[in-house]
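Grab a pencil and have a look at the chains below. Try each task yourself before you read its solution.

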Amino acid sequence: MATAYTPGLKVLTEAVIRKDRLLPLDGEVLVKKGDKVKATDIVAETYLPGNVVTVNIANKLGISPEDVPGAMKVAIGEKVTEGQAIAEMKSFFGLLSNKCESSTDGTVENISSVTGQVILREAPLPVQVTSYLDGLVSEVYPRKGIQVETTATFVQGIFGIGREAHGELVLRAEDPNTILEASTIKPEDKGKILLGGSIVTAEALKKAMEVGVVGIVVGGFNDKDLRDFLGYDLGVAITGNEEGITLIVTEGFGKMRMAQATFDLLKSRCGMMASINGATQIRAGVIRPEIIIPLTGVKTQRDVDKEKEKSPGLAIGSRIRAIREPYFGRLGEVISMPAELRKLETEAMVRVLEAKFDDGTIAVIPRANVELIET
Amino acid sequence: MTDYSKIRYILATDCGSTTTKAIYIEKQGDVYRLVNRGEAPTTVEAPAEDVTRGVLNAVSELEELIGRKLLKDNEILISSSDKEGVEVYLSTSSAGGGLQMMVAGVVKSMTGESAQRAALGAGAIVMDVIASNDGRLPHEKIEAIRRLRPDMILLSGGIDGGTISHVVELAELIAAADPKPRFGAGFALPVIYAGNINARAEVEKTLGGKTALESVANIRPVLEKENLGPARQKIHDLFMEHVMAQAPGYKKLMSWTLVPIMPTPGAVGAIIQTIAKKYDISVIGVDIGGATTDVFSVFKDPDSEEIVFNRTVSANLGLSYSISNVVAETGLPNIMRWVPVHMDETELRNAIRNKMIRPTTIPSTLLELIVEQAISREALRLAFEQHKSLAVGLKGVQKQRTISDAFDQTSTGESLVDLMALEILVGSGGVLSHAPRRAQAAIMLVDAFQPQGITMLAVDSIFMMPQLGVLATINEKAATDVFEKDCLIYLGSCVAVTGLVKPGTAVMKYKISLPSGPVEGELMAGQIKLLPLGLDETAEGELTPLRGLDLGEGPGKPKLATLRGGVVGLMLDGRGRPFSLPDDDKERVKKLVEWFTELKLYEHIPGE
């Protein structure tokens, strides 16, 4: 029997998800193994030295560099605030005073009697990593970060833009075919992740950003609108750093009815907090955008680590979805897999399968143009 | 040493970026012949993340087609039995596919830009340019390196003899990022250092243990000069050695094969050189895949008279993973100019983008096929431009360019690629080898490469050149037998006048003694004429270019030639060289329909 395999996206009701959360530079891990964490908790941080600001006291007070130390009102190591007088020169028997103020908050790092300058170091810049997920700390990597683990509903999109986001998942579509229009978006959607249907319009995306929506999950999106949003044509699909909003597309480009199973699953999770990431890399070593909804408090079947299961591959009886025109998005079951090649409209001779769609119609489709439904 | 001259049953695979192909060869009497081939999507992505899965799937399909057991317990069955298994199993791979790299330079507008030019010129996609003065904080640069997972990093900075601190800081940043490859543990990231030679020791100290570091000549040895050649060459070489071959499951695959797995471009290059040497001809070969388009040329160096082989891998051009990059590089209008049907831009963009995100799918409607073939013309054209600019003389020396040269990136007359001297143009890769009608492959090659004078066109019948290339390393007869009898399909000769043609005028007179009877006439400007001249047939031709146009003997000079046929026929191309399509849309569509109809490209033209 043929064991031809066609990879599909994950749509898992329940799975154990583990994520490494790492600092870019060594720092301090703020939690310990076994701790419960929330998605927005800072789990590790480090500080970069603050910016350096030089103040030329000698010039400002009109004194010579060697007189600067004597004019100082603050010492090395002392904290100063913006506007605070840090040096002063009195003249005319103390009746006239000339002051030099700090231009910033910081710490006095150096006072030079050679150059007449004072170096102020601004406050250190924090670099922090959040947990991203509600869950448990399953591993600690000293000075680097943690691994967080959670049992969650896990849905992969096919393409996305934007960074990690966290918010309540709310339903903004009647069914998987609904178009997410600007009129659907409300001011109370600020900070939320919207579940749409087949497509989000460019106007709706713009309004969502204005309102402060943090993410949108939808079946499809027009590439033309993507280009307008990004300001350039995406050459290679490597995303994840775009500002403004996180958009996850589950089916493809254009108006694409969201897969019923995906829509039903996400709809059932509306009202719950979700962590999403639009980062996508379409290349060998693929990264898909994701929606993770931790299941704390939700009654589910006993957890099964779905990630460890190996799919049996494409075979008679397999549930499939067509992933290319003219049957794009249609669900069905494989009823036969002829060994001989068949001729398409293009006149190409290819390996095909016969599928019975859920509406009962039967079609012959190239095997390359279907994906397995993984549940 | 084992004697492989007596082997009878051979299995060979090529793991491409998108598709894994398996071929089965048998010795029949005294001659080796291809029996059949199977294919399956390459499985480097999750959840399989193991290239051997795709190999097993492809071989499993082959088993069904030939009715012979080739697998046992999920491994290749090695056996000397007449009834099952194979005696040898070989493979090539480009399963990593595509080269996406980051470059780093001290000053963004100087070494940063030079590094970018070096990488682009080597056919890579540049994901990010990091510079000391790019406005980002160190941790932001580190995060960028980690997030983007480049296949390779090119580090440059500082003129030779200048200060070393900035470039060493960049090296420290890369070390701190501790960049991981896209897949596979135990795979060190290639880093090329092409900066101030005085900093080499420090850079080696910083990065040597953490990355696969190689140093080459400074790309900016002094401010006024740019020397990109050594860095470009190194990018190329490292790509072939490291990136292309390092798919997940690669180690397991290596344990199955008889000889080391060859990178696909290496294997194809080997066979191209075999053709050139065997027939003593100049050749251009192209392999257009999912992630990359590889161009090979064999020409005589006019200065030294020696035969020179050049190979370029355009890792930014392909028809699946890289398809959107082709669109981004050439622009949608350049693609649509080859399509005789008006399409809504929104729909078209969506269709192309959907192919990018689902790279293993194939066109099932005629219009989709026409669009993909239009995109392939552009990918081939761009890859060829890159090849022409990189092809070097025998010593492999690139001229040291001044900075003003660097900004003036026109291809020089020093390119070795001489389209008039070209004798055979061979195409390989899915879109060419699997074109449902061979004429489609012929016209894609002609439109993209615009060969001049008389050129034989050929395709790799089912895309097996990589496998034959690696087979040749253990049994040259087997490789050559299959190559001659089963691999290369001669499409026929293309006769093309060179020079700009004037619409409405005649461009060539011809008198050709075809096997079916003599024909003579005038070829008009912009016309393509297909004459019946089959495989293994020849015809004597008397060809006279008109109005100062050239067929290789000089402007207006007639040419007497023995013309060779093929499965498509003899193509007379009166479009001139270089040719472009009419600006007027109606005219353009009219011309395309005329050419497509003459060549019988499709069963019907959508919209007609």
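Predicted model: local features only at pLDDT ≥ 70, side-chain atom pairs only at ≥ 80, totals over all residues.

Residues are numbered from 1 along each chain as its sequence is written, while chains are lettered from A and ligands numbered from 1 in the order in which they are written.

**Exercise 1.** Describe the side of chain B that touches chain A.

Step 1: start with the contacts. Two residues are in contact if their C-beta atoms, placed from the backbone, lie within 7 Å. With that rule, 61 residues of chain B meet 47 residues of chain A.

Step 2: find the elements. Helices (H or I, at least four residues) and strands (E, at least two) are DSSP runs, numbered from the N terminus. Those of chain B that supply at least two residues each include β3 (31-41), α1 (51-66) and α12 (366-390). The largest share, eight residues, is from α11(B).

Step 3: sort by residue type. You get 26 nonpolar, 20 polar and 15 charged residues on this side of chain B. Here Ala, Val, Leu, Ile, Met, Phe, Trp, Tyr, Cys and Pro count as nonpolar, Asp, Glu, Lys and Arg as charged, and the others, Gly among them, as polar.

**Exercise 2.** Work out how the eight-strand open sheet of chain B is put together.

Step 1: write down the order, which is β16-β15-β14-β18-β19-β20-β26-β23 (chain B), with mixed pairing. Strands pair if DSSP finds at least two bridges between them.

Step 2: check the edges. β16 (307-314) and β23 (528-531) of chain B each have a single partner strand, so one side of each is left without a neighbour in the sheet.

Step 3: zoom in on one pair. β15 (residues 293-300) of chain B pairs with β16(B) in the antiparallel sense over eight bridges. In this pair, Asp294(B) sits opposite Val313(B) of β16(B).

**Exercise 3.** Find how far apart the centres of domain 1 and domain 2 of chain B are.

Step 1: take the bounds, which come from an automatic or database domain assignment: domain 1 (9-95) and domain 2 (100-243) of chain B.

Step 2: compare the centres, taken over C-alpha atoms; 39 Å separate them.

**Exercise 4.** Is Met256(A) buried or exposed?

Step 1: locate Met256(A) in the loop between β20 (246-253) and α5 (260-268) of chain A.

Step 2: apply the rule. A residue is buried if 20 or more other C-beta atoms lie within 10 Å of its own, exposed if 12 or fewer, and partly exposed in between, with C-beta atoms placed from the backbone. Met256(A) has 24 other C-beta atoms within 10 Å, so Met256(A) is buried.
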